Every structure is written in C-alpha cells, then in structure tokens.
Amino acid sequence: MARQSNLDTTKQDFLKEAYKKEGLLRNKWFQGYFGSNVLPPGVGGSDSPTSPAPINKLGKPTFIKIKPAPKTPAERPLAPVKPVVIDPNVKMSEMRPVSPGTKGMIYSGLSAEGDGRKAYLVKRKTEDPEVKFEYPLTSSLEVGWNIKEVSKTADIRQAHYGKSRIIRDTFFAENGVM
C-alpha cells in the first residue's frame, strides 16, 4: 500500500497562490510607506541609527532615533604559533607498537589450528583501547576512554530495579545441565 502524500497538486497550487499573494501584499505595504521599491537613503544600512516608521497624517514618513549597538571590543592578537617540525624519518602512528611476545604469535603456528595470525588477532581484540591506541580516535572511543579508572572512583551500585540472575540461580534444578 502506497503512503498517502500530504501534499497533492491542489494543495500545492493553493500554497503557491498564497505565497504569491503574501509577496504582493508585502510589496504593496512597502510602497505605501516608502513610495517606491527602493529604501530611502540612510534607512536599512548598518551605519544608520534611524529606522522607518508609518507615514504620519501629513503623508511624510517619520523616523525614530535608535541608539546604535555598542561596539564590540577589539580582539587581542594571539601569540604567534611556532610551526611544528616533523622529522620525516620518524613514523607517526595512532596505534602503539605491539609487544614482541604478541608480535611473535603471528609467526608461530597455523591460523586453521587457532595459532598464528588468528591467535594474534584474538589477543589484540581482548586488549583495551587505552593499551592499543595513544589517544581516542573516534567519538565512541572518547565515551569509554579510561572507564576502568572512572568506575573505581565513582560510587557505582547495582540498580535496584535492574535485571538480575535471581531466576536462573534459584529456579532451575542443580543437576549440572545449566
């Protein structure tokens, strides 16, 4: 079943006509108050402290004096930044180097037997991001960065209404199946 569109051609034509009428009405109002399609000199510019007002009984527009906005303070010049000299001989990496013991796992055994490259990848997967990387690379890493240290200092208690294992621990018979 196709989704019903909220806007059919009849409604589109209605809106188009309404927008056109609104634009004509704005132009008519502007011409009535200013006499032409061009703003009078000194009105509408940022340097003018006056603003237009409705035409008085004599047919001439009256202008209201408005205080200009206070000047923004000048920004202090920043200290010049020293360019960073990068040594082309030094490798820059986001990841920390792997320990020799872990790196040696790649060359011993076969992946099909669970050794070699497979064992290396499993070992690297189990390490925390703080150990593998110098800094958080993505926003998701920023959220959990150093979470172990934070959880030690924070007062974290088990949720009163959270899920628990009470059913599994007390309901099933202890016959070794579960």
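View 1. The chain averages a pLDDT of 75, and 65% of the residues score at least 70; pLDDT is the predictor's confidence in each residue, from 0 to 100. Since this is a predicted model, local features need pLDDT of at least 70 and side-chain atom pairs count only at pLDDT 80 or more, while totals for chains, interfaces and linings use all residues. Residues are numbered from 1 along each chain as its sequence is written, and side-chain values use heavy atoms, with hydrogens and water left out.

**View 2. The helices and strands.** Here you have seven helices and two strands, running α-β-β-α-α-α-α-α-α along the sequence. Helices (H or I, at least four residues) and strands (E, at least two) are DSSP runs, numbered from the N terminus.

**View 3. The stretch at residues 46-51.** Over these residues pLDDT stays under 50. Even so, the model gives them 13 contacts (heavy atoms within 4.5 Å) beyond four places in sequence.

View 4. Lys132 sits in helix 4 (residues 129-132). Is Lys132 buried or exposed? Lys132 is buried, meaning under 20% relative accessible area with a 1.4 Å probe, counting protein chains only. Leaving aside neighbours within four places in sequence, Lys132 is in contact with Met95, Arg96, Arg124, Lys125 and Glu127.

Technical notes. Buried means under 20% relative accessible area, exposed over 50%, partly exposed in between (1.4 Å probe, protein chains only). Lys and Arg count as positive and Asp and Glu as negative; His and the chain ends are not counted. A salt bridge is a side-chain nitrogen of Lys or Arg within 4 Å of a carboxyl oxygen of Asp or Glu.
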